Amino acid sequence: MNAIPAAAIPDSAIAFGEEGALPDFAAIQPEAFLPAFEAAMAAHRAEIAAIAGDPAAPSFDNTLGALERAGKRLGEVARIFFALAGAHTDAALQAVERDVSPALARHSSAIALDAELFARIDDLHRRRDTLEGLSDEDRRLLDRTHADFVRAGARLVGDDRQRLAEIDAALSTLGTQFSQNVLADERDWVMALGTDDLAGLPDYLVAAMAAIAAEKAMDGYALTLSRSVVVPFLAFSTRRDLRETAFRAWTSRGENAGPSDNRAIMAEMLALRAEKARMLGFASYAAYKLDDQMAKTPAAVRGLLETVWSHARERALKDAASLAALAAAEGDNSPIEPWDWRFYAERRRQAEFDLDETQLKPYFQLDRMIDAAFDVAGRLFGLAFEPMPEAKAWHPDIRVWRVRDRDGRERGIFIGDYFARASKRSGAWMSALRGQHKIEGGQLPVIYNVCNFARPAEGEPALLSLDDARTLFHEFGHALHGLLSDVTWPSLAGTSVSRDFVELPSQLFEHWLTVPEILEKHAIHARTGAALPRALLDKLLAARTFDAGFDTVEYTSSALVDLGLHETAEAPGDPLEAERAMLERLGMPRAIAMRHRSPHFAHIFAGDGYSAGYYSYMWSEVLDADAFEAFGETGDPFHEATAARLLEHVYSAGNSRDAAVLYTAFRGRMPSPDALLRKRGFVAG
C-alpha cells in the first residue's frame, strides 16, 4: 500500500512516516491542526470555485467527478484529527475541536448553498436520462449528490440560506460540547473501594479495578463509569448500596449541575433541529431525517418499534416477577430496582442454566476473539490478516494488520484500539483514516475499530464478557464493510449507506461468534488451554435469549424516546420531562432504565448521525436476522454461494444502489420482523 503523502497536510508538524500507510502520530502536535485545517479548507474552497465557475457546459466529469476528486487534503486532515479527538484526546485537542467543528460546518454549508455549483448539479440531474456513457454507479452518484444538496438547503432563497448555515454551525458546536461534557463526567467520577467492598466480585474484575486504582495513583481499588467495569460490578457486587451509587452515577452522566450539564444543550439542539426541518419543508425533524432512509417515515419506524416493544415489555414484566421471587427467597423483599436487575438476573442465569459468567469469561480471551473474527472473515470472504508490529498508531496499545484477499492482493489496513482509558470517549465504533475508491489510481482503505474493554493486570490475558465479544464482532463487521468496499466513487464507498442499513453488516457478523465450530476452535481457557466444553457451549446456546426482555426494553425505550423527541413540529421545552412522559405512556417497567438516557445519549446529541435514527439498530436487526437465516436454510453457516452473494450485494457494494435493491439482490425478497422475533425468543421458531 502506498503511504499517504506528507504533502497532503501542509503543516510540517502533521507529517506521515516514510514507510507504511500510517501517519507519525507521535510527531503530531495539537497546535498544528488549526493551520492545517485552514489551509485544507482554503484549498477545497478554491477547488469548489473552479468547478462552479467552469465556463464549460456541465458534464458528469467536470462537475460530479470533479467534486469527488476535490477536498482530498481536507478529508485526510479531518480523519486524522477526529481519530485522535475520539480515541486519544486531551484538553488541547478538545479546544481545537471546539473551534474546528463549527468551522467545518460552515465550510460544508457554504458548499451546499453555492448557487452556481448547485445549478450545474441540477442541470445534470434534469438531463440524467439523456446523459451518455454513465454507469449505474455514476447515475447513483448523480442522484445521491443532487438529493444531498437539496436536503442541505440548496433550494432555499434569501435570508433562509444564511439562517440554515447558522443553525448547522450552532448544532456542530453544541454537539461537540455535549460529547465533551459526557467524557468529563465519565473521566472525573471514581469510587474508591477497599477490600471490604469487593464481596461477590470475580477475580478478573477485582484485578481490573486494582489496575484502574494504580493508574489513578490511588490505594486499593477503583470503579469508574467505563461500561466494561460498571456493568459487571452491577451484576456481581453483593453490596446493594454500592450498586445503587454506581448505577445513579452511570445514568446521570450529563445531568449534573455545573459545567458538564447537558440539559440546556439538549433543549437548544432540539429547537434548532425542529427549525431546520421546518425551513426545509418537513413536518418534523424525524420526517426530515427519515425521508431518505429505508424506513422513509416516522410512522413506519414507530410501527416496528411498538410491535417489538409489546413483546419485550410482556417478557420483561414476567422476568421482573421471577427476579423478585428470587430476591425474596434470599430474604430481600424490597422492590427490584434498576441497580438490582443485573445482579439477580445473573443469579437466575446460574440457577436456570447452570451458567456462571465467571466460569465462562476465561474462555473469551481478547486475542482469541480477535483471531475468531479474522477466522470468520477468512472463511466467508477469503481475507487474511498479517500483523504489522512495526506500525505505530496513536497509542502503544494499538495493533495494526495488513489485510489481503484470497489471491494475496492487499485490500487495506486494519487498526484495533481495544482498551478503555481516560483519553477515550466511551462506547465502541468503527471509522476510517482513509476510505476506498477507484479514482486517480484508486485508494485502499485504512479502517480502525475502537472499543473500551477493561485492561487486564500486568502479565494477565484480557478477558471479555460474552457481550464484550459481541461488541468486538459487531465493530469488526463495520470494519469489513469498509475494508471490502469495491466501488468507484468515494462518496458511495464502504459505510456511506443509509443509517438504517449501515448496521446490517455489523449486526449480521455478530451471529458467527456463537457458531459452534468457531467457539470450539477459539474459545480457549486462559489458564488451562482447554477448549470450551461442549456441555458449556450447549448451555451458552440454550441461554441465548435469556434476559431478552430486559435487553429489548432497554434499547427500544431509548429508540422510542429518540423518535419522540424529534417527531413533533415544535421541540419539547424540557427534554427530560418529555422523556419521563414518554416512558410513562409506554408503561416502562420500573426496574429497567433506558440504555441511554437523554443527557448522555451521544448517538443522538454528540452529532447528527443517529438523531431520529437510533431505531436503525432494530431496523437492521430485522435484516440481519433474516439474512443469517439464509445461511441456516443451507445448513452451512459458511455456505460459499450465500457468502459470495453477501459479499457482492452487501459488504462490497457500498451505496452503489438503493439499500432495498441491494438486500433484495442478496436475499431475493425483503424481510418481515418475524425472524427478529424468533431470534429474540419472543415467538416460537
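**Entry 1**

I began with Asp 375, which is buried, with a relative accessible area of 13%. I keep in mind that the model is a predicted one. I took the value for Asp 375 as buried because that word applies under 20% relative accessible area. Asp 375 forms a salt bridge with Arg 379, and the closest N and O atoms are 3.0 Å apart. Arg 379, at 32% relative accessibility, counts as partly exposed.

How many salt bridges does a search of the whole structure find? I wrote down 60. As a reminder to myself, side chains of opposite charge can pair when their charged atoms come close.

I looked up Glu 330 and Arg 347, whose side chains meet in a salt bridge at 2.8 Å, N to O. Glu 330 lies in the loop between α13 (298-329) and α14 (338-353), while Arg 347 is in helix α14, so the pair ties together parts that are 17 residues apart in sequence. Glu 330 counts as partly exposed at 40% relative accessibility, and Arg 347 counts as partly exposed at 31%.

Next I turned to Arg 342, which forms a salt bridge with Glu 554, the closest N and O atoms being 3.0 Å apart. This pair links distant parts of the chain, since Glu 554 is in helix α21 (residues 548-566) and Arg 342 is in helix α14, 212 residues apart. Are these two partners buried or exposed? Glu 554 is buried, with a relative accessible area of 6%, and Arg 342 counts as buried at 10% relative accessibility.

**Entry 1: the open sheet**

I traced an open sheet of five strands in the order β3-β4-β5-β7-β6, with mixed pairing. Its edge strands are β3 (384-387) and β6 (429-434), each of which pairs on one side only. Neighbouring strands of this sheet are turned by 30° against each other on average, if direction is ignored.

I followed β6 to strand β7 (residues 446-453): the two run antiparallel and are joined by five bridges. One partner I looked up is that of Ser 431, which is Tyr 448 in β7. Helix α17 (residues 466-483) lies across β3, β4 (399-404), β5 (410-419), β6 and β7, and runs at about 170° to β7.

**Entry 2: positive phi values**

Most residues other than glycine have a negative phi, so I looked for exceptions. Ala 217 has a positive phi, near 60°, and its place is in the loop between α8 (203-215) and β2 (221-223). At 71% relative accessibility, Ala 217 counts as exposed. Asp 354 also has a positive phi, near 50°, and sits in the loop between α14 and α15 (357-360). Asp 354 counts as partly exposed, at 49% relative accessibility.

Methods:
Residues numbered from 1 in each chain as written. Predicted model: local features only at pLDDT ≥ 70, side-chain atom pairs only at ≥ 80, totals over all residues. Heavy atoms only, no water. Salt bridge = Lys/Arg side-chain N within 4 Å of Asp/Glu carboxyl O. Helix = DSSP H or I, 4+ residues; strand = E, 2+ residues; numbered from the N terminus. Buried < 20%, exposed > 50% of the residue type's maximum accessible area, 1.4 Å probe, protein only. Pairing = 2+ DSSP bridges. Axes fitted to C-alpha atoms, helices over the stretch in contact; angles between N-to-C directions. Contact = heavy atoms within 4.5 Å.
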